[in-house]
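Here is a short briefing on one protein model. Look at the structure first, then work through the points by topic.

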Amino acid sequence: MLKKTLTLAVAATTLTIAAPALAQDSGATIGFIGGFTGPIESLTPPIFAGAQLVVNQINEQGGILGGELTILSADGACDATAAAGAADRLINTDNVTGIVGALCTGETIGAFNGSGLSGNVVFISPASSAPALTTLEDNDLVYRTTPSDALQGVKLANLLLAKGINDIAITYVNNDYGKGFADALAAAYEAGGGTVAANLAHEEGKADYRAELGNLVASQNLVVLAYANASGNTILRQAVESGNFTTYVGGDGMVGDDLLNGIDASAVEGMIATRAGAPSGESVDIYNGFASDSFQANATYAPQAYDAAFLMALAIEKNGSASRDGLAAALRDVASAPGEIIRPGEWAKAKELIAAGTDINYEGAGGALDFDEVGDVDGIIVELAVEGGSFVEKGLID
């Protein structure tokens with residue numbers, strides 16, 4: 001199902017209330033919305049660092065539109081209401097040209113519906129993976145640089161079955177991310193011959209999930225689709241304390257150091273997890289070379305944030321102004337073949353080619369990023385495991 005465009009009548013109403021971006025004489029300003037507080041607060045700073053690195057590199061290589069690129073961040077708290085407020089400030093007060101973000105899917109939808117649609121603002125999310133984003137009515141303004149959980153669910157199902165895990169119990173956080181991921185996983189797992197012994201939602205923010213865990217004991221293989229800083233940690237800790245489970249599995253939202261706070265690491269040694277990854281190749285090698293003591297290049301969704309910010313900047317330069325008008329079309333131009341390949345860090349080269357009227361095609365930290373008709377990308381999913389108290393990447397999942 002494709003994202004739906006608004007009817008002409010609704011579009012006309014939108015135009016009457018839209019506040020156009022104020023054009024800058026030189027340079028450009030973009031926004032970043034992410035959960036600096038809330039259930040993914042430990043994941044967000046390294047993601048933002050990926051976007052900030054792009055800004056630093058661009059300004060070191062001559063800037064954008066004859067001036068500097070600026071990025072302003074706002075806390076969406078992984079919450080639709082908070083994100084709507086954050087978007088309102090960035091879009092209607094700070095007059096950003098585009099938004100990198102948000103991160104949680106509900107956060108992105110709340111931010112976009114709150115001010116993005118009426119403001120004609122392009123959003124590029126590096127982490128909103130729920131299938132719900134695919135069908136968002138967005139007038140071709142919302143994109144993502146991470147694959148949908150429709151893919152991650154299938155890959156996780158295939159991985160578990162390949163490991164001989166033939167029955168699972170699933171608990172998922174009751175939001176777009178959790179439900180979409182759980183639905184995709186359950187469908188693919190059962191289609192492959194596995195048994196889903198339980199598939200239950202849980203509410204975020206509780207101190208005690210023992211009752212929910214009691215309804216999941218039909219399998220000793222527990223899949224938790226939640227967030228490391230919130231219910232994911234609490235459920236995993238209480239599951240370990242119960243002694244009712246032997247195998248633990250998580251999705252991308254669980255891949256954070258805070259997940260294991262208060263948990264005996266030896267009890268979850270070998271825990272299985274998945275997240276978006278990147279194929280081997282020159283672009284990925286270049287990006288990984290940016291790693292330093294102050295930048296975790298391989299942090300969850302940091303590569304996708306780098307790509308989102310770089311693509312946003314390329315689109316602004318291609319568009320020729322800090323105006324929001326025409327930015328979506330420019331984004332599609334710089335992200336897709338044909339064109340000369342631009343790799344991470346190659347801003348000066350890209351500027352020169354754009355100025356000469358030469359088509360470019362960005363291949364980034366997450367690989368090729370050809371947006372389909374609804375703003376989604378293909379991608380790959382990687383396996384991780386807890387080893388010695390931290391997550392270690394094990395390789396691509398077939």
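Start with helix α12, which spans residues 347–355. Its buried residues are W347, A350, L353 and I354. This is a predicted model, so keep that in mind throughout.

**Helix α12 and its surroundings**

- Seen down the axis of α12, the buried residues fall within an arc of 125 degrees, so they line one face of the helix.
- E352 and A355 are exposed, on the other side of α12.
- The cover over the buried residues of α12 includes two helices, α2 and α10, as well as the strands β11 (340–342) and β12 (360–364).

**How α2 packs against α10**

- The crossing of the two helices is right-handed.
- From α2, the contact uses P46, I47, G50, A51, L53, V54, Q57 and I58.
- From α10, it uses A302, A305, Y306, A309, F310 and A313.
- What kinds of residue make up the contact of α2 with α10? There are 12 nonpolar and 2 polar residues, and no charged ones.

**The five-stranded sheet**

- An open sheet holds 5 strands in the order β2-β1-β3-β4-β5, and the pairing is parallel.
- Strands of a sheet pair through backbone hydrogen bonds.
- Strand β3 (residues 98–101) and strand β4 (residues 122–125) run parallel and are joined by 3 bridges.
- I99 stands opposite F123 in β4.

**Helices on the sheet**

- Helix α3 (residues 80–93) packs on the sheet and touches β1 (28–34), β2, β3 and β4.
- The direction of α3 makes about 150 degrees with that of β2.
- Helix α11 (residues 327–335) lies across β4 and β5, and runs at about 40 degrees to β4.

**A buried serine**

- S115 sits in helix α4, which spans residues 105–119.
- Is S115 buried or exposed? Its relative accessibility is 4%, so S115 counts as buried.
- Leaving aside neighbours within four places in sequence, S115 is in contact with A84, A87, D88, I91 and N92.

Methods
Residues numbered from 1 in each chain as written. Predicted model: local features only at pLDDT ≥ 70, side-chain atom pairs only at ≥ 80, totals over all residues. Heavy atoms only, no water. Left-handed = near helix turned anticlockwise from the far one by under 90°. Helix = DSSP H or I, 4+ residues; strand = E, 2+ residues; numbered from the N terminus. Contact = heavy atoms within 4.5 Å. Nonpolar A, V, L, I, M, F, W, Y, C, P; charged D, E, K, R; others polar. Buried < 20%, exposed > 50% of the residue type's maximum accessible area, 1.4 Å probe, protein only. Pairing = 2+ DSSP bridges. Axes fitted to C-alpha atoms, helices over the stretch in contact; angles between N-to-C directions. Arc of directions from axis to C-beta.
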